[in-house]
Amino acid sequence: MVGASGGSRAGTGADPARMWRVADLGGLELFRATISEFEFRPHAHEEFFLALTEDGLARPTYRGGSHVVGPDDVIALNPEEAHAGGPPAESSWSYRALYPGPELFGRIVAEFPGDRPGMPAFGADVVRDRRVVDRLRRFHLLSESVRANRLEREECLVEALVLLVTRHSTPARAPGSPGREPGAVRRSREYLHEHLDRNVTLEALAAFAGLSPFHLSRVFRSAVGMPPHAYQTSVRVRRAKSLIRAGLPITVAAAEAGFYDQAHLNRHFKRILGLSPGRYARDAAGG
């Protein structure tokens with residue numbers, strides 16, 4: 001599925017892909033799109049990723065396999081959980097997504113009675129729950145209207161997240177579970193974050209981690225869900241996205257994030273986030 005060639009369309013026609021933030025909910029980011037002939041490259045998010053399918057079909061890959069996702073199915077992924085894919089050939093996928101951070105889930109978990117420390121973790125292939133779907137969809141639709149009742153919107157979000165945690169999460173764990181990764185992988189990730197603007201070689205990364213290049217490549221993919229170069233690209237796109245949101249010109253954001261030029265950023269930004277940097281900049285500016 002990954003690396004499809006040929007044309008790609010994400011949010012074509014009268015309903016383009018759109019990404020926006022809800023300021024009064026801590027800047028919670030939302031996304032909606034209809035995509036066809038398009039596959040997201042392997043990447044991960046710093047936040048949780050919740051995606052509700054409205055129409056069509058997708059075959060995303062995550063947690064070691066490919067999954068079939070149809071209308072009213074919800075994908076619930078944990079922070080830093082790698083995923084990729086898109087709709088099958090000659091199909092389209094319409095979905096709405098939100099990216100709640102650990103802080104938001106932390107506030108939800110804190111309201112639970114008893115001792116429930118840490119973050120929830122989601123492990124099911126797909127969440128199928130009518131009440132969760134209804135609340136998530138209602139919240140998303142309300143968030144697109146400036147005239148929406150803010151109280152109703154927040155109630156929908158809280159109820160959806162509470163239902164997700166109580167019905168579909170596995171036992172709580174610490175955010176990110178850094179202890180689950182080999183130390184060499186953790187050091188490699190830190191190195192890639194600190195050297196985004198460098199053309200890092202596998203040999204140099206492996207030497208820093210204290211492993212052979214082949215061994216590091218294997219354990220990194222096993223622990224992170226993608227090879228080091230894909231992880232580096234994903235982190236670079238995250239950095240560029242934050243710089244664009246802060247108001248920097250796209251050309252400057254591209255250079256600061258380690259891309260050769262704007263065209264290089266454009267290609268990877270679209271393949272990972274589903275919309276161009278220019279469209280994201282307009283959405284971030286409220287245009």
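Glu 80 lies in the loop between strand 8 and strand 9, where strands (E, at least two residues) and helices (H or I, at least four) are DSSP runs numbered from the N terminus. The phi of Glu 80 is near 65 degrees, a positive value in a residue other than glycine. Most residues other than glycine have a negative phi. Glu 80 has 24% relative accessibility and therefore counts as partly exposed; buried means under 20% relative accessible area, exposed over 50%, and partly exposed in between (1.4 Å probe, protein chains only). The model is a predicted one, in which local features need pLDDT of at least 70 and side-chain atom pairs count only at pLDDT 80 or more, while totals for chains, interfaces and linings use all residues. Residues are numbered from 1 along each chain as its sequence is written, and side-chain values use heavy atoms, with hydrogens and water left out.

A positive phi is also found at Glu 90, again near 65 degrees. Glu 90 is in the loop between strand 9 and strand 10, and at 82% relative accessibility it counts as exposed.

Strand 6 (residues 61-62) pairs with strand 7 over two bridges in the antiparallel sense, and Thr 61 stands opposite Ser 66 of strand 7.

The structure holds two cavities of 30 Å³ or more. On a 1 Å grid over the protein atoms alone, a cavity is a set of points where a 1.4 Å probe fits but cannot get out, and lining residues have an atom within 4 Å of a point. The largest cavity has a volume of about 170 Å³, the volume being the space filled by probe spheres set on the points, which are joined across faces, edges and corners. Its lining has 18 residues, of which Phe 40, His 43, Phe 49, His 83 and Tyr 95 lie nearest the centre. Strand 4, strand 8 (74-77), strand 9 (83-85), strand 10 (92-99) and helix 9 (262-273) each give two or more residues to this lining.

Helix 9 has 12 residues and reaches 16 Å from its first C-alpha to its last, close to the 16 Å expected at 1.5 Å a residue (1.5 Å times one less than the number of residues). His 264, Leu 265, His 268, Phe 269, Ile 272 and Leu 273 are buried in helix 9. Seen down the helix axis, these buried residues fall within an arc of 120 degrees, so they line one face of helix 9; the arc is that of the directions from the axis to the C-beta atoms.

Methods: Two strands pair if DSSP finds at least two bridges between them. On a 1 Å grid over the protein atoms alone, a cavity is a set of points where a 1.4 Å probe fits but cannot get out, and a pocket is an open set with protein on both sides within 12 Å along at least five of seven lines; lining residues have an atom within 4 Å of a point.
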